[in-house]
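Biologist: Before I use these terms, I want to hear the grounds for each of them. Can we go through them in turn?

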Amino acid sequence: MLEVDVERRVSPTLTLQLQLRLGPEIGVLFGRSGAGKSTLLRLISGLARPDRGRITLDTETLFDASTRISAPLRRRRIGMIYQDDLLFPHLSARQNIAFGLAGQPRLEIAQRVHEVAALCGVEHLLDRRPATLSGGERKRVGLARAIAPRPRLLLCDEPFSALDLARRNALISRLMDIQADQQIPILHVTHSPAEAVALGGRMFLLENGRIAAEGPSIDVLANHALAAVDWEPLTNLFHATLLDQLRDDGASRVQIDGGPALIVPRLEGHAGERVHVQLRADDVLLARASVPGLSARNQLPGAVERILTHGPNVEVVVQCGEVSFLASLVPSAVRQLELAPGAQVVLIIKARSCRITSVEESAEAERRQAHTPGTGKQ
Amino acid sequence: MLDLGPVWLSIKVATLATAFDIVVGAPLALLLARRPWPGRPLLIGFLCLPLVLPPTVLGYALLLLLGRRSLLGGWIELVFGASLVFHWTGAAVASAVAAFPLFLIPARAAFLAVDPRLEDAARLLGRSNLSVLAAVTLPLAWRGLAAGVVLAFARAVGDFGCTLMVAGDIPGRTQTASLAIYDAVQQGDDARALGLSLVIALVSIAALAAAQGRDRLPEPHL
């Protein structure tokens, strides 16, 4: 549990003054540039000091202005990933990941490096230098380096903003895996609504150094007139298991964790393999009843949970099993279908709209992509 | 047969001078590369004076500072029982001072080029300041530091005016190769002048080559 209650003058026009509590979950710190997002991360990590207030992590006080406690950076046990990666350029990926483990027995270091490398999908990159890695690969090595020393908190300072949408979504899935595995609070800074929605979690909307709203990402975004924000296409991200190959038409079936089974493009792999599913909210159709004679392979019954309007767009959240699907519609469609919370609908999803990456293979695929000219380095 | 005594003395003097420059210069370069403070530009300017002052002026200043009648010179004689002046260690001090900016400037540039955020990242990963210096700062600044060492060594080997002022030109005691070559030319001993010049050139080239050898080829970008 991270508890922050601080005040810090950043500039003559900006004073950061906020309270924030974050348990073992993903918190999204959202706001325009200059709202104080990065300053807050600097205060928590110890790179800067608050003028007033206190910061506690689990039972330890990291900072307290009244008792003049300020734990040094190296004792805070906070992991951090950065927009510029900040990998040590003179060290291999393996040495980078092991950097925070110095002083431990050699065998334990090797074991832990192997463990987090598997979790982050970088096992095949361990002997390479950062300069030879693609953007996504560097992010994953940075992630592995940050979690190797078992931090009590992970801070993410707009780490994925330089990547394209598909690669960003693959990394977001991985970050969610890590949260599930490590059970620590993750505070993720972003100014991308799509990233915030894909991550789910709790959003803290930062405006002029204060928290203007707090709640589920999609609600905060829709309720707080973020029309000015540039909305990228929203994406549904699911974790799933490969069920089987459909013999007749070269497709595969995956079981979404806590949700329905989905027919997706053929995926080479063995039953039981873990995969990530990306599905753009634009590609999800809604109908009031199942439609016969349709080429789309998936028709899934569900119930409308919420309808969120922002500017000329409507996002419909549909509950299906324990997971929610996000469907982007235009307002007239909502009127015509008479959609309202509780309404029974059918989600229509083309198999080809689902982008599947195997957890192990996504690393491999990205490496291949990185080797084609022009896409490797930024 | 060519008497290589002056060459050995030059190498001995230049090695000691370079070692002195590293020990004093490296921490100073690091300090001067970090956060600015009011007197910093003035101090940097002062430390770079040997670059712009005539060597004789520099030598004369050292003579005033280290001579037997000076406070510091008197103290050195009292403690060590000998004076630096007209002694080979005086030549080392003279060339160290003359070569100092040639180490300090590249060393400071090398430290400036290390992204301080990398050092912060290392601290956040649990490393102490000393450990960050050893594992991040020095390895990343290594090439610049090595360049400074080579430049300082070459300058120290080549020093003439400053050494002459402080240590004199005593054959067998303070006569370095540079001074010996000058003497040989004055005495019309062309063979000796040429021989010593060639040997000194070889020493300099060897020092450069050694520094190059430390540079690994960049890894292929695949």
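Predicted model: local features only at pLDDT ≥ 70, side-chain atom pairs only at ≥ 80, totals over all residues.

Modeller: Residues are numbered from 1 along each chain as its sequence is written, chains are lettered from A and ligands numbered from 1 in the order in which they are written, and side-chain values use heavy atoms, with hydrogens and water left out.

Biologist: Why is H276(A) called buried?

Modeller: The relative accessible area of H276(A) is 2%. Buried means under 20%, exposed over 50% and partly exposed in between (1.4 Å probe, protein chains only). H276(A) is therefore buried.

Biologist: What joins the side chains of H276(A) and D177(A)?

Modeller: A polar contact of 3.1 Å. The term asks for a pair of N or O atoms within 3.5 Å; within protein, one must be able to donate a hydrogen and the other to accept it, and residues adjacent in sequence count only if both atoms are side-chain atoms. The 3.1 Å pair is therefore a polar contact.

Biologist: What makes the meeting of D84(A) and R117(B) a salt bridge?

Modeller: Their side chains meet at 2.8 Å, N to O. A salt bridge is a side-chain nitrogen of Lys or Arg within 4 Å of a carboxyl oxygen of Asp or Glu, so the pair qualifies. The count between chain A and chain B is one salt bridge.

Biologist: How many residues of chain A are in contact with chain B?

Modeller: 24 residues of chain A are in contact with 21 residues of chain B, where contact means heavy atoms within 4.5 Å.

Biologist: What area is buried between chain A and chain B?

Modeller: About 2000 Å², with carbon and sulfur atoms giving 65% of it. Buried area is the accessible area (1.4 Å probe) that two parts lose on being put together, summed over both.

Biologist: Which residues touch the most other members of the largest nonpolar core?

Modeller: I97(A), V122(A), L154(A) and L175(A), in a core of 52 residues. Such a core is a set of buried Ala, Val, Leu, Ile, Met, Phe, Trp, Tyr and Cys residues joined through side-chain atoms within 4.5 Å. A second, separate core of 41 residues includes A48(A) and Y82(A).

Biologist: What is the secondary structure of chain B?

Modeller: Chain B has 11 helices and zero strands. Helices (H or I, at least four residues) and strands (E, at least two) are DSSP runs, numbered from the N terminus.
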